[in-house]
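Work through the exercises below with the model open. Try each task before you read its solution.

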Amino acid sequence: MTDFLQVSTATENREAAVKLAQSVVSAQLAAGAQIVGPVGSVFWHQGEFGSGEEWQLVLKIRADRYDRYPQDR
């Protein structure tokens, strides 16, 4: 039986989320993707505290394909 993972990330805007989802699904690295947003985020980035809105991208992938994603995930 194949194991599956749910991988999530966030982008600055909806257009970037759609572009990333289309790229990953069309390359068959993910079976599907959902785009949710905007979502509120609170974070540390480059040594500074911040908050704002992002678009969450949730990808459904097979566990054996996870290592095909870029290493800087």
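**Exercise 1.** Is S41 buried or exposed?

*Solution.* Start with the basis of the work: this is a predicted model, where local features need pLDDT of at least 70, side-chain atom pairs count only at pLDDT 80 or more, and totals for chains, interfaces and linings use all residues. Residues are numbered from 1 along each chain as its sequence is written, and side-chain values use heavy atoms, with hydrogens and water left out.
- Locate the residue: S41 sits in strand β2. Strands are DSSP runs of E with at least two residues, helices are runs of H or I with at least four, and both are numbered from the N terminus.
- Apply the cut-offs: buried means under 20% relative accessible area, exposed over 50%, and partly exposed in between (1.4 Å probe, protein chains only).
- Conclude: the relative accessible area of S41 is 12%, so S41 is buried.

**Exercise 2.** Find what S41 touches, leaving aside its neighbours within four places in sequence.

*Solution.*
- Contact means heavy atoms within 4.5 Å. By this rule, S41 meets G50, S51, G52 and E54.
- Look at the side chains next. Those of S41 and E54 form a polar contact of 2.6 Å. Such a contact is a pair of N or O atoms within 3.5 Å; within protein, one must be able to donate a hydrogen and the other to accept it, and residues adjacent in sequence count only if both atoms are side-chain atoms.

**Exercise 3.** Work out the strand order of the open sheet.

*Solution.*
- Strands pair if DSSP finds at least two bridges between them. β1 and β3 (residues 48-62) are joined by eight bridges and run antiparallel. One example is Q6, whose bridge partner in β3 is K60.
- The three strands follow the order β1-β3-β2, with antiparallel pairing.
- β1 (4-11) and β2 (32-45) each have a single partner strand, so they stand at the edges, with one side of each left without a neighbour in the sheet.

**Exercise 4.** Which residues make up the largest nonpolar core?

*Solution.*
- Such a core is a set of buried Ala, Val, Leu, Ile, Met, Phe, Trp, Tyr and Cys residues joined through side-chain atoms within 4.5 Å.
- Here the eight residues are V7, A21, V24, L29, A30, L57, L59 and I61.
- Two or more of them come from each of α1 (14-26) and β3. β3 gives the most, with three residues.
- Beyond its neighbours within four places in sequence, A21 is in contact with A33, I35 and L57.
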